[in-house]
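User: I am new to reading protein models. Can we go through this one in short steps?

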Amino acid sequence: MSVGTDKTRTTGTPVDVRIMTRAELALHGIRLDAPVKRPDGAGPSDDGHVLVDGANAALPTNPASPYLVRDGRVWLGEEDTGVAISPVRRPKFYDLTTVDGVRYEQLARLHGADVLATTVVQTCIRYGESDRCRFCTIEESLRSGATVAAKTPAQLAEVAEAAVRLDGVRQMVMTTGTTAGPDRGARNLVRSVRAVRAAVPELPIQVQCEPPGELRWIRELHEAGATAIGIHVESLDEEVRRRWMPGKSTVALAEYEAAWDEAVRVFGHNRVSTYLLVGLGEDPDELIAGAGSLIERGVYPFVVPFRPMRGTLAAQDGIGSPSAELLRYVTEAVAAQLRAAGMSGADQKAGCAACGACSVLRTAGG
Ligand code: SF4
């Protein structure tokens with residue numbers, strides 16, 4: 001049986017089954033061996049990369065998931081959900097090595113089908129056990145040898161050129177661990193953007209960093225050629241911030257607001273985004289209202305479920321993901337606000353909101 005798009009669940013509330021299925025896939029994952037994976041790294045993802053109904057999706061690969069793949073569709077046991085799925089092919093650039101012997105795969109990874117992602121500096125001043133964000137594993141991929149601590153601008157330019165030429169990559173995401181200087185990592189991003197744009201001038205790039213201590217870095221990033229910027233707060237709730245991000249929460253929300261406003265001024269409306277994580281214990285209606293205030297500022301709230309990745313402090317503490325119903329509720333409400341404001345993730349041109357794989361927003365029309 002094929003499942004329709006609208007159905008009434010036991011609550012009597014109409015539920016869009018496609019959004020609910022996508023939310024459940026994001027949380028429970030799928031029984032599938034995906035050739036393109038992101039085992040650990042910065043931020044809250046830990047996934048196999050697939051296309052769900054033709055759109056990028058980062059789903060946990062989970063042999064215990066009730067969802068499985070048959071004939072290119074997602075099945076829930078014997079029920080065909082009607083959702084199409086295909087794995088992302090291993091890109092050709094993974095097989096190349098720089099002249100100094102570093103595998104391209106250690107320098108940048110394919111996210112979704114067409115996003116090149118790199119963590120320019122793979123260490124973070126906040127990674128000490130008492131300061132670290134409880135959902136993050138930025139230095140774990142370094143310990144496992146999957147990546148290298150710092151990527152040079154020349155290395156990134158070399159990989160980006162190959163990824164565009166060989167694998168049709170259409171946008172690039174550059175993130176960084178927080179560094180000790182007042183730029184908090186923006187300086188390295190400026191150099192890297194400049195080098196990549198010189199090698200592949202048409203490739204849109206999103207940069208991601210904490211609010212730089214000096215706001216002039218936002219203009220420098222734009223002038224270097226970045227198309228979009230992510231300044232990720234993860235939660236607007238002060239108590240949640242202190243509990244989940246002891247180090248990062250020492251940067252006041254007022255600093256984030258000043259950085260977002262400057263970024264919207266420099267990069268433009270809907271070229272700035274932030275992550276909001278669902279499942280950190282924040283009141284869902286406050287989260288939705290906070291997303292609304294970000295949208296009013298011209299900032300795209302990229303709503304993503306918290307998932308306890310291997311190697312995180314949260315996983316060690318046995319903290320689980322949110323329910324699919326909570327994720328659906330928040331995602332649908334934020335998507336409706338985005339639509340009302342005429343903001344779409346695709347219009348960011350580069351970055352997580354443009355990729356959409358780690359969120360259910362795209363399925364919900366955001
Ligand atoms: S949404 Fe961002 S982190 Fe997730 S796969 Fe896309 S680019 Fe990577």
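User: Is Tyr275 buried or exposed?

Analyst: This is a predicted model, in which local features need pLDDT of at least 70, side-chain atom pairs count only at pLDDT 80 or more, and totals for chains, interfaces and linings use all residues. Residues are numbered from 1 along each chain as its sequence is written, and side-chain values use heavy atoms, with hydrogens and water left out. Buried means under 20% relative accessible area, exposed over 50%, and partly exposed in between (1.4 Å probe, protein chains only). Tyr275 has a relative accessible area of 6%, so Tyr275 is buried.

User: Which residue forms an aromatic pair with Tyr275, and of what kind is the pair?

Analyst: Rings of Phe, Tyr and Trp (its six-membered ring) pair if their centres lie within 6.5 Å; planes under 30 degrees apart count as stacked, over 60 as edge-to-face and the rest as tilted. Here the values are 5.1 Å centre to centre and 75° between the planes. The pair is edge-to-face, and the partner is Phe302.

User: How many residues apart in sequence are the parts that this pair ties together?

Analyst: Helices (H or I, at least four residues) and strands (E, at least two) are DSSP runs, numbered from the N terminus. Tyr275 lies in strand β14 (residues 272–278) and Phe302 in strand β15. The parts tied together are therefore apart in sequence by 27 residues.

User: How many aromatic pairs are there by this rule, and why is the pair of Trp244 and Phe306 edge-to-face?

Analyst: The count comes to 4 aromatic pairs. The ring centres of Trp244 and Phe306 are 4.9 Å apart. Their pair is edge-to-face because the planes stand at 65°.

User: Are Trp244 and Phe306 buried or exposed?

Analyst: Trp244 has 3% relative accessibility, so Trp244 counts as buried. Phe306 has 0% relative accessibility, so Phe306 also counts as buried.

User: Which way do the side chains of strand β12 point?

Analyst: In a regular strand the side chains alternate between the two faces of the sheet. In β12 (residues 205–208), all are buried. Gln206 and Gln208 point one way, and the other way point Ile205 and Val207.

User: In which sense does β12 pair with strand β11 and with strand β13?

Analyst: Two strands pair if DSSP finds at least two bridges between them. β11 (residues 171–175) and β12 have 3 bridges in the parallel sense, and Met174 stands opposite Val207. β12 and β13 (residues 228–230) also have 3 bridges, with the sense again parallel.

User: What is the hand of the crossover from β11 to β12?

Analyst: A crossover is right-handed if, with the strands pointing away from the viewer, the path from the first strand over the helix to the second runs clockwise. The chain goes from β11 through helix α5 (residues 186–199) to β12. This β-α-β crossover is right-handed.

User: How do β4 and β5 run, and which residue in their turn has a positive phi?

Analyst: Strand β4 (residues 47–52) and β5 are joined by 5 bridges and run antiparallel. Val52 stands opposite Ala55 in β5. The two strands form a hairpin with 2 residues between them, and the turn residue with a positive phi, about 50°, is Asp53.

User: Why is β5 called largely enclosed by the rest of the structure?

Analyst: The reason is a count of its residues. β5 is largely enclosed because the buried ones number 4 of the 5.
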